[in-house]
Amino acid sequence: MQPSVPAGPAATAALPLAVFPKDTRPLPCLLLSCLLLLLLLHLLSSPSSSSSPPPPPSPPHHVPLPVDASSAGPAPPSLAFLLTGSAGDADRLLRLLLATYHPRNLYLLLLDGAASAGDRARLARQARAGPGRANVHVVGDPGFANPRGASTLAATLHGASLLLRVGQDWDWFVHLDAGDYPLVTPDDLLHVLSYIPKDLNFIQHTSYIGWRESRQIRPIVVDPGLYLSSRTDIFYATQKRELPNAYKLFTGSSSVILSRKFIEYCIIGTDNLPRTMLMYYTNMPLPHRKYFQTVLCNSPEFNRTVVNHDLHYSKWDSSSKKEPLLLTLDDVENMTQSGVAFGTRFSMDDPVLNHIDEEILHRQPEEPAPGGWCIGVGDASPCSVSGNPDVLRPGPAAMKLAKLLAQRLTYRNFYSQQCIWD
C-alpha cells in the first residue's frame with residue numbers, strides 16, 4: 001500500500017513567479033532545499049512539534065493573547081477549497097468543512113443536482129452558522145455531475161471560476177470529494193506550504209496510457225449531464241477515435257492541489273491550449289482524471305512546476321482499477337506514516353474518521369479543528385472566539401508532511417518524475 005501517486009473573470013491576476021527550467025537554473029532548487037531545511041529545523045525546535053502533552057487549559061477568567069507570528073517564519077498562504085458531493089453527502093461535506101476549516105482559507109461547497117434542494121439549503125445554513133464564516137460559500141444552483149463523464153470536470157472548472165471571482169488573494173486550489181478527509185490539521189498544512197514556492201502544482205500524473213487506451217481514451221461517450229436536468233448515465237458511441245499527435249496525453253488521479261496562476265491560465269488565460277483540451281476531453285470517459293495533467297504537461301509555462309504527487313493516501317486493489325478501496329482503521333498506521341495531507345476514500349461515518357478527529361486533528365464533534373487562531377477558553381468550544389489567523393501551531397503531522405515534501409522536491413526526484421513522455 002502506498003500513497004497514490006463555466007468560466008468567470010478573476011478580480012486580480014496572480015503575481016508572476018519563477019518557473020524552473022530543467023537544466024539551466026539549479027539555483028531555485030538549492031534555494032528550495034534551503035527553505036525546506038529551515039522548515040524542518042523550525043519544526044524540530046518548535047514546542048508544538050514535540051510529543052509532550054499540551055499545556056492545561058487556561059482558567060475561565062483568563063483569555064490568552066495570540067502570539068506574534070511575525071518571527072515564526074514566512075506569512076502563511078491561503079487555500080481555496082472546493083468541496084464536492086452528491087445526494088446524501090450534505091453531512092459529509094459539513095464534516096469535511098469543519099475538519100479543514102481555517103479563517104485564512106476560502107471554501108466553496110458544491111452538492112450536485114442529484115442532491116435535494118432541502119439538503120443544499122440545510123448545508124448552507126449549517127456551514128455558515130459558526131462565527132466568522134464569511135469565507136464559506138455554497139453553490140445554490142449546480143448541475144448534474146456524472147462521476148464517469150465530462151459533467152464532473154465541468155463542475156470542477158465551474159467551482160474554480162467561482163473561487164476566482166469571490167476570492168482575491170488565495171494561493172492554491174484544493175479539490176476534495178466528500179469521500180476525502182484530512183490527515184493533518186489546517187495549521188500543519190498552512191505552515192508547511194508557507195515554505196515552498198506558490199507556483200508549484202501537486203498532481204499525480206503519468207503518460208503511460210496502457211490499458212486505458214482501449215477503455216478510457218479511444219472510446220467516444222456522451223454525458224447527458226451536460227444537457228439534461230436529471231442524472232443519466234453516459235452512453236458509448238460505436239466509433240473509436242485515434243490518439244492525437246498534436247499533444248501528449250497524461251492521466252492520473254482527480255485529487256489536485258493547483259496554483260492560482262495555473263487555475264487562472266485554465267479559466268481566463270489567453271492561450272488556447274486549455275480550451276482545446278477541454279473540447280477533446282468532453283467526449284471521453286473520466287476526463288477529470290486527465291484534463292489538468294494534460295494541460296500542465298503540454299504547457300511550456302507550467303510543465304516545470306509539476307510535483308508528481310497529489311498529497312493523498314489511497315489504497316488500490318490490483319484486480320480492480322476503477323476506484324480506490326475504502327480506508328478503515330486497519331489503514332491508520334500506513335496513512336499516518338505516509339506523511340500525506342489527505343486520505344481517500346472513506347465511507348460515511350466510518351470509525352476511522354472518529355479516530356482521525358481524536359488522535360490527529362484533536363477536533364470535537366460539530367467543531368472545527370483547533371489551531372493558533374482559536375483563543376476560546378476551556379474545552380467546550382475552543383474556536384468560539386477567533387484570534388489572529390496568521391498564528392499557526394503546527395503539530396507532529398507537520399513534520400512528516402515537511403519530510404515528504406523535502407524528499408519529493410530534491411533536484412533528482414523533482415525533475416526525474418516530471419511530465420515524462422513514456
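**Helix packing and disulfides**

Colleague: At what angle do α4 and α7 pack?

Modeller: Helix α4 (residues 150-166) packs against helix α7 (residues 260-268) at about 115°, and the axes are 10 Å apart. Helices here are DSSP runs of H or I with at least four residues, and strands are E runs of at least two, numbered from the N terminus. An axis is a line fitted to C-alpha atoms, for helices over the stretch in contact, and angles run from 0 to 180 degrees between N-to-C directions.

Colleague: What are the ground rules for the model?

Modeller: This is a predicted model, where local features need pLDDT of at least 70 and side-chain atom pairs count only at pLDDT 80 or more, while totals for chains, interfaces and linings use all residues. Residues are numbered from 1 along each chain as its sequence is written, and side-chain values use heavy atoms, with hydrogens and water left out.

Colleague: Back to α4 and α7. Parallel or perpendicular?

Modeller: α4 and α7 are roughly perpendicular to each other. The classes are roughly parallel under 35 degrees, roughly antiparallel over 145, roughly perpendicular from 65 to 115, and oblique for the rest.

Colleague: And is the crossing of α4 and α7 left-handed or right-handed?

Modeller: The crossing of α4 and α7 is left-handed. Left-handed applies if the near helix is turned anticlockwise from the far one by less than a right angle, and right-handed if clockwise.

Colleague: Which residues make the contact?

Modeller: From α4 they are L157, A160, S161 and L164, and from α7 they are R260, I263, E264 and I267. Contact means heavy atoms within 4.5 Å. By class, the contact of α4 with α7 has 5 nonpolar, 1 polar and 2 charged residues. Nonpolar covers Ala, Val, Leu, Ile, Met, Phe, Trp, Tyr, Cys and Pro; charged covers Asp, Glu, Lys and Arg; the others, Gly among them, are polar.

Colleague: How do α2 and α3 pack?

Modeller: Helix α2 (residues 90-100) and helix α3 (residues 117-127) pack at about 20°, with axes 10 Å apart. That angle makes α2 roughly parallel to α3. α2 passes α3 in a right-handed crossing. A90, D91, L93, L94 and L97 of α2 make the contact with D119, R122, L123, Q126 and A127 of α3. The contact of α2 with α3 divides into 6 nonpolar, 1 polar and 3 charged residues.

Colleague: New topic. How many disulfides?

Modeller: The count is 2 disulfides, a disulfide being a pair of cysteine sulfur atoms within 2.5 Å. C297 is joined to C419, S to S 2.1 Å. The pair links distant parts of the chain, 122 residues apart, with C297 in helix α9 (residues 291-297) and C419 in the segment after α13 (411-416). C374 and C383 form a disulfide with sulfur atoms 1.9 Å apart.

Colleague: Is C419 buried or exposed?

Modeller: C419 has a relative accessible area of 7%, so C419 is buried. Buried means under 20% relative accessible area, exposed over 50%, and partly exposed in between (1.4 Å probe, protein chains only). Both C374 and C383 are buried.

Colleague: What does C419 touch?

Modeller: Not counting residues up to four places away in sequence, C419 touches H205, F250, C297, N303 and V306. The C-alpha atoms of C419 and T206 are separated by 6.9 Å, with the two residues 213 residues apart along the chain.
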